[in-house]
Each structure stands twice: as C-alpha cells, then as structure tokens.
Amino acid sequence: MATEFATTKEACDEAQVPQVWRDACAHLLIPLNACRKKEFYLPWKCEHERHVYELCQYKDYKKRVKAAEDAKERIASIRARSTRKEMHELFCV
C-alpha cells in the first residue's frame with residue numbers, strides 16, 4: 001500500500017518532527033505542534049488542530065485495517081480455490 005505524504009522531508013526537518021511521527025498526517029502535526037508551543041501546551045488550547053490531526057490518524061488507521069481485511073479475504077479465496085481444485089483432482093479421476 002503506497003502512502004502519499006502531503007509534506008516534504010525538508011518541512012518535517014525544519015519543524016523538528018521526529019521520524020516516527022512522519023506519516024500520512026504529518027502535514028497536520030506541524031501546525032498542531034506550532035500551536036502547542038505558542039500556547040505553552042495548555043490542554044484546552046489548539047483543540048481544533050488536535051481534532052483534525054486525530055481524525056486524520058483515525059482515517060489512516062481505518063484504511064490500513066480495511067487493506068489488511070482485503071488481503072486476508074484474498075488469501076482465503078486463493079486457499080479455497082486451491083482446496084477445491086485438489087479435491088476435484090482427487091475425486092474426479
């Protein structure tokens with residue numbers, strides 16, 4: 001599954017985003033961290049930015065879960081087809 005990043009490596013370097021947080025939602029993390037620093041990490045500040053970032057994380061998670069389920073279904077269907085073919089060869093000779 002190819003993930004397209006909406007931010008560049010240079011932008012992440014400039015904003016000092018750690019490597020582990022550079023994912024599909026890093027473009028939203030940069031303004032969130034800037035707001036947090038500006039507001040001295042007060043929990044009731046930057047709520048909108050945090051919500052948008054967490055929503056992006058959730059959607060990315062759901063996309064990965066869907067891809068894993070699809071892969072599991074493809075593997076199961078391949079196994080089912082090969083089992084049927086083997087059964088056919090065994091009983092229809």
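In which helix do Asp 13 and Lys 9 both lie, and how many residues apart are they? Both sit in helix α1 (residues 9–14), four residues apart, or about one turn of the helix. Before the views, a quick word on the model: it is predicted, so local features need pLDDT of at least 70 and side-chain atom pairs count only at pLDDT 80 or more, while totals for chains, interfaces and linings use all residues. Residues are numbered from 1 along each chain as its sequence is written, and side-chain values use heavy atoms, with hydrogens and water left out.

**View 1. Asp 13 and Lys 9 pair up in α1.** Their side chains meet in a salt bridge, 2.9 Å from N to O. Here a salt bridge is a side-chain nitrogen of Lys or Arg within 4 Å of a carboxyl oxygen of Asp or Glu. Lys 9 is exposed at 53% relative accessibility, whereas Asp 13 is partly exposed at 37%. (Buried is under 20% relative accessible area, exposed over 50%, partly exposed in between, with a 1.4 Å probe and protein chains only.) The structure holds seven salt bridges.

**View 2. Asp 60 meets Arg 64 in helix α3.** The gap between N and O is 3.4 Å, and the two residues lie four apart, about one turn of the helix. Asp 60 is buried, at 11%, but Arg 64 is partly exposed, at 42%. Elsewhere, salt bridges that share partners join Lys 9, Asp 13 and Arg 22 into one network.

**View 3. Helix α2 has a buried face.** Helices are DSSP runs of H or I, at least four residues, numbered from the N terminus. In α2, Ala 26, Leu 28, Leu 29, Leu 32, Asn 33 and Cys 35 are buried. Seen down the helix axis, the buried residues fall within an arc of 165°, so they line one face of α2; the arc is that of the directions from the axis to the C-beta atoms.

**View 4. Phe 40, Leu 42 and Trp 44 make a nonpolar surface patch.** It covers about 390 Å², an area from the Shrake-Rupley method with a 1.4 Å probe, where only the protein chains shown count as cover for residues. Patch residues have over 30% relative accessible area and no salt bridge; like charges are joined within 9 Å, nonpolar side chains (Val, Leu, Ile, Met, Phe, Trp, Tyr) within 5 Å. Trp 44 is in the loop between α2 (26–38) and α3 (47–91), and counts as exposed at 55% relative accessibility.
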